[in-house]
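Dear colleague,

I am passing on the structure that we spoke of, and my notes on it follow below. Please read them with the model open beside you.

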Amino acid sequence: MPLIAILVGLIAGLGVWGILDQIQTRQVGKIFGQELRNQLDVQARESLIRFDRYLAGYGMTTRLLANHRRLAEYLEPLFWSESDVVRPVVYLEFRPYWLPDFFARDALRPPSHVLLTDPQGRVREVYQAGSDPLPVELAASLPAQSLDTSAVRTVPVKLGEVLYLLVSDAVEDSGGYHMGFLVVLVPIDDAFLTASQRGVDLSRVAVALVDGDDQRILASVDSAELPPGTTLTTLSDSYLVTSQSLPEYEGADANLLFATLVTQGNLERMSRHVRIFERRQRFFAAAAFILVFTWVIYLVSARLNRVLKRMTRFSQRALGIKEPGFQRAGNQLLLLEEWIAHFTQLVLKAREEMSLRHQAEMRESEALKAAVMEAALDAIVTLNHAGCISEVNPAAERMFGLRRQEVIGSPFGERLLPEVARTAFRRLLDRSRHDGLEPKGRGELVALKGDGSEIPVEISIVPIDLEAERFYTVYIHDISSRKQAEREIKSLARLASESPNPILRVTAGGQIAYANNASRPLLLAWTTEQGGPLPDEWAAQVTAVLEQGGPQECETDLSGTIYALLFAPIRDLGYVNIYARDITAVRRAEQESRQHQAELVHVSRLSTMGEVATGMAHELNQPLSAIVNYANGCTRRMQSGQGQTEDLLGALAQITSQAKRASEIIRRLRALVGKQPPLRADLDLNHLVREVCTFVEFETAKLGVQIELDLAPEGIPVHVDLVQIEQVLLNLLRNALDALEETPEASRRLVIHTRVQKAQALVSVQDTGPGVEGERLAQWFDPFFTTKSGGMGMGLPISQTILENHDGRIWAESEPGQGTVFHVALPLAEIPAAEDPEPVPPTAIGTTR
């Protein structure tokens, strides 16, 4: 029986140990798996919040740049036309005047490019910080969905193979006119994502931007461990991955997801160590239990065995009862021993399970508390009843720049607060000691960092009562960013009063509610003041603007000063903002520019007439020679007495006709060369073409070219300045004749077409000259560009300016070896329906097809 007891004890102990080992191992794995999932959820939410705040920092900085005084002053004299040929100005590796360095101040990654665009999104100026050029997708213009005149747009976009953050905001000049957009372009790479997760242990948690379509990584905090192009499915063995959408950036072209990855290695190693430790402890406990249990059973069974043997012998002698029929060497108490062992095992198992469950709950609670402390963004400090530091979380170490060992046991007030804030902290601590007060001790103080610098913080104190002692949990939130934002908001609030341009706010009833200091000359001219009524004329304008709901602009001349007034209604609040701007100098500059332009046009006309002077002299010589011949003939006949009256009258009529012809040639020459103010009239475009052709008759005869006129069958009415349009057409004809000099005489052709198309009058001058390539064709309308040895290069630019002043345009088409065609478009003149255009006289120049 003792041997059986020893075997039973060993078997029972080993069985219990094996069962508990399996259960405990699974329970530990479940706890750590749940912990890993909880950590992933917390890290994913916090990582996305940090990323959104980082992008919001770019949006705020871009808005400050777009509303900066330097940029407004820089844009004030600029004028961007929709018809301009845009060639962006590029600043390579030096910062332009209008771009302050706000990114370094806000601890943001500097942008690779900063763009200025016009209201149509076309790029006008580019600041390039490094050697990487501007992406070709943005070289000409920006997509409309990336621009918004009413709000800052912060959009991640994929340009080529690179992911960028594109931030845009509308810009205005000093007068409040919308000039376009300021666009900031920042590459989203390892450094960008690392900066967005500042303060996070990247060895445990990683973030990445993922293509939502094929689940491939576009950018990550560590391109060596998480290279771009890697699919998330291939990382499941090393990381737990969760992806979140970016709802605020749905205007982006790319379908982006924000992925958070938590490494499984750390928790798996911790889980493995805990399981090994628990298994070792259970082994020692089971071994001790087996030894004790076996020894006790051995002693009890040995004692019982002796007693039962005596009772068996006595019963056999006294009553004749046989020995019990139990097996196992005739032991009659084995069944009882088995039940006792089984009962004992159940009790021990229940106690062990309760102990394990309690230990697991304690470990789970401690793990959750540790995770909360480590993952908290705010500093958390635990104080004992005397106000000394008992524990700090990692956020507190980062905030104060001190290690945990340096502050444990130190008085909180003397170690982490300047002297001026200690009294206020003691009051907050005393307040938290009184139960029932709501809220608990909370207030704003100044904290002291390890390097001696001070930061504004918000402190909340919560008491914790344990059995033997009271502790305090101090939650500390850094409010430096909030204070900075408040100062910036106050600075923006002073923007109107500091503006050099007049700004007024007028109620719906015409009462001036506000006027800044720059508005004083305007108020004096209107004979009113702040709080007084607006003049009736402008009060009616305010009422009309509020009814229409849209801004209106107008100009007014007050005592020799010209103001541009912008009425901007705020219908929800029932008032109108009036933004005024002194444009007297601008208007004077425009008038001087027009005068200079007229001088330049006149000089160009003189230059052109100098080139055709030989032809005009030859044409004028013909009627003069005819007059001399007829006059000599009349003289000889009269001297000889042979002249008849009819013959003399005929000769005199020819003299008169030729004199009128010479006079008409001189009149046209004087009209074209003479300096006179622009004068527009309703004319027939076909007639202008025929008249200009007469100026080049000598050159066409010299080259052996006959101008072919393909004119519209009916007159084409246009409202133009006769001299200026003749100058344009004459310049095009002379350019064509110069091109034909380089062509064999047999291949020379010059054709002029006129037609009407979509309310426009079109003139085409086509020659069969050598033509040019497309690259040089784009330079023809640049000032001072010429292919002639003696040319000034101003003919085509001046012609373009003249046509733009007539609301027309000019363009050219050319192919090498095929010739060149110049097209001119002018708006048709409006002719009353009752009037018919004058009949077109037949042409005497060239051939009309």
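Tyr 54 and Tyr 58 are four residues apart in helix H1 (residues 2-66), so about one helical turn separates them. Before going further, please note that this is a predicted model, in which local features need pLDDT of at least 70 and side-chain atom pairs count only at pLDDT 80 or more, while totals for chains, interfaces and linings use all residues. Residues are numbered from 1 along each chain as its sequence is written, and side-chain values use heavy atoms, with hydrogens and water left out. Helices (H or I, at least four residues) and strands (E, at least two) are DSSP runs, numbered from the N terminus.

Rings of Phe, Tyr and Trp (its six-membered ring) pair if their centres lie within 6.5 Å, and planes under 30 degrees apart count as stacked, over 60 as edge-to-face and the rest as tilted. By this rule there are 10 aromatic pairs. One of them joins Tyr 54 and Tyr 58 edge-to-face, at 5.3 Å centre to centre and with 85° between the planes. Tyr 54 is buried (under 20% relative accessible area, whereas exposed means over 50% and partly exposed in between, with a 1.4 Å probe and protein chains only), its value being 7%, and Tyr 58 is buried at 0%.

The rings of Tyr 74 and Trp 98 have centres 6.2 Å apart and planes at 35°, so this pair is tilted. Because Tyr 74 lies in helix H2 (residues 69-75) and Trp 98 in the loop between strand E1 (89-92) and helix H3 (102-105), the pair ties together parts that are 24 residues apart in sequence. Tyr 74 is partly exposed at 22% relative accessibility, whereas Trp 98 is buried at 2%. Tyr 74 and Trp 98 belong with Tyr 91 and Phe 94 to one aromatic cluster.

Strand E3 (residues 123-128) is mostly covered, with six of its six residues buried. Two strands pair if DSSP finds at least two bridges between them. E3 pairs with E1 in the parallel sense over four bridges, with Val 126 of E3 opposite Val 90. With strand E2 (residues 113-117), E3 pairs in the antiparallel sense over five bridges, and there Glu 125 in E3 is the bridge partner of Leu 116.

Finally, Val 296 lies in helix H5 (residues 265-318) and is partly exposed, with a relative accessible area of 42%.

With best wishes
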